[in-house]
Number of protein chains: 2
Amino acid sequence: MSAKKRPATTATRTPTVTRAPFDLPEFLAANAAVVNAALGCYLPRATTKPATIHKAMRYSLFAGGKRLRPALCFAAAAACGGTAAAALPLACAVECIHTYSLIHDDLPAMDNDDYRRGKLTNHKVFGEGIAILAGDALLTQAFAIAAHAEGTPRYSPRDLIFEIAEASGSLQLIAGQVADLEGEGKKISAAQLKYIHERKTSALLCCSARLGGMSANCTPTQLAALTDFGYHVGLAFQVIDDILDVTQTSEQLGKTAGKDITAQKATYPRIVGLEKSRKIAKELTAKAFAALKPFGGRAAALEALAHHLLERDK
Amino acid sequence: MSAKKRPATTATRTPTVTRAPFDLPEFLAANAAVVNAALGCYLPRATTKPATIHKAMRYSLFAGGKRLRPALCFAAAAACGGTAAAALPLACAVECIHTYSLIHDDLPAMDNDDYRRGKLTNHKVFGEGIAILAGDALLTQAFAIAAHAEGTPRYSPRDLIFEIAEASGSLQLIAGQVADLEGEGKKISAAQLKYIHERKTSALLCCSARLGGMSANCTPTQLAALTDFGYHVGLAFQVIDDILDVTQTSEQLGKTAGKDITAQKATYPRIVGLEKSRKIAKELTAKAFAALKPFGGRAAALEALAHHLLERDK
């Protein structure tokens, strides 16, 4: 029985612990609304000169992304007793980084994708030149937004900038895309695929969780737990993405299904098979849950998110 | 007579003021050496995995750039009584931003240039995908490097990040490239050309001077003077670039000469003629010199740099 529905007469001075199930859809919707409003304010208007670039930036940023990275950031902040307000600039910065990486990944010189989130990709609408610049501008904007974060006694504003730059730099996010690009059409090992997924997907998800904790002035122990959690959720997330690419239709995904097969891309199902891929995803999620132990009951949002990421069908 | 050569016997307790002419080549060489050494440390080694991206980043970053933006940063710091050590991370960050912008500008979807600084452009050596990512990585690295700057009583580390993000974002550096891209093959006015040059060239040069001042905890008056100086030097610099493109050979320039004409690009000589372009460059430089008045004798390096930028032949 949820706390909301419990009749007033049952209230005592030592109430029974009846934890309400965490309302993830409500959490995601509320946070997405906050993030969208803030991003709308941080970015120049679509009519600001030169209008093309601001239209292109907003086109991809407001293309219906699920705002999972900001949600992870807020959930981690909550787990460490922090507020959404303190985490907000960091959540927005990470979403800008994510969007820029998608725009550039979709380019003809990279994955050459025509659709993303059910809409034409940035370069299909605005042309390659503007798409490259829109990605550049979102990446630049990400750091301007992150610089709005105040910092805490344990983590200075500079630490927060380092954190974002490291996760999205040439040793992490970009390294993943480079290895992915170089691996296309080649036979790669499961270890190499893990290297790609760790960097291309896990790094920024892990960074999102860490930034949330840092905005709440988390302890070193909490930061280590969030790192462990983010790393495993991130890897699981990507394995599931690979699985969905072979099991779902383009309509269900909102992007071209089977694209990875057509591009001769290395994926978990292709290298270890579909069933083993599902098993790996479940194991990774179990490790993610185990990482949450130090937070006790305060990690409800993080737990719910991990379940959501494993059970999603698009 | 320089202070160094003056015989010991002429020394008195109130020495005559005999200012040595400022040795700009020495200043440029010394600062370039410091910047190159620091950039070499800040960036991952060329052998760090994935090696391709680090080779590509270093290829363009160490392609013989003149390090004018770092020089401007150091000169501005000196004019405000600061040190090169405090300005160093900012000087390196600006050079990374400049190099990333060149790599992306040279891409086939942009200016489609095969040569830069006498060497093949990044995408001609590493391919388009890696060139895009090398630019992204340098842009990201720029903020990581800038976050090493300590800040001063008047300017926090966050102010320095904002400064760089603003100058290189969608309202300045990127706006210039967008307008340039959209203006190709079209008849544009002198005012529109000025808009492009202000953003594509002047913004980052102005930012370099401002950052140097900020690293020295400059006063608001000094910052305004540096802004005025950087803006006018930056515009003059670009007008001269336009002039050199029509008056010099490819060999002299180290890049494809006459490229602007071939690409039907709007340039000062094309819109207002060669003689008027030269006159404009001189007027802009005069305004830059006028801006240096508040610094008195301490602006020797800035003055020498301005002369150098107007008198260069490549």
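**Ile243(A)**

I counted 18 C-beta neighbours inside 10 Å for Ile243(A), so this residue is classed as partly exposed; buried would take 20 or more. The model is predicted, and I read it as such. I placed Ile243(A) in helix 10 of chain A, residues 220-247. I then listed what Ile243(A) touches, skipping residues up to four places away in sequence: Tyr268(A), Pro269(A), Leu274(A), Ser277(A), Arg278(A) and Ala281(A). I also checked Gly118(A) against Ile243(A): 125 residues apart in sequence, 19 Å apart C-alpha to C-alpha.

**Nonpolar core**

Which residues touch the most other members of the largest nonpolar core? I found Cys73, Ala134 and Ala146, in chain A and in chain B. That core holds 198 residues. I followed up Ala134(A), leaving out neighbours within four places in sequence. Ala134(A) is in contact with Ile53(A), Ala56(A), Met57(A), Ser60(A), Ile103(A), Asn122(A) and Phe126(A).

**Helix 3 of chain B**

I turned to helix 3 of chain B, where Cys73(B) is one of the buried residues. Is this helix mostly covered or mostly open? It is mostly covered, with 12 of its 12 residues buried. I looked for what covers them and noted, among others, helix 1 (24-42), helix 4 (84-105), helix 9 (190-215), helix 10 (220-247) and helix 15 (300-311) of chain B.

At 1.5 Å a residue, the 12 residues at 68-79 should span 16 Å, and the end C-alpha atoms are 16 Å apart, so the two agree. After the helix comes Gly81(B), with a positive phi near 80°.

Technical notes
Residues numbered from 1 in each chain as written. Chains lettered and ligands numbered in written order. Predicted model: local features only at pLDDT ≥ 70, side-chain atom pairs only at ≥ 80, totals over all residues. Core = buried A, V, L, I, M, F, W, Y, C linked by C-beta atoms within 7 Å. Contact = placed C-beta atoms within 7 Å. Helix = DSSP H or I, 4+ residues; strand = E, 2+ residues; numbered from the N terminus. Expected span 1.5 Å × (residues − 1).
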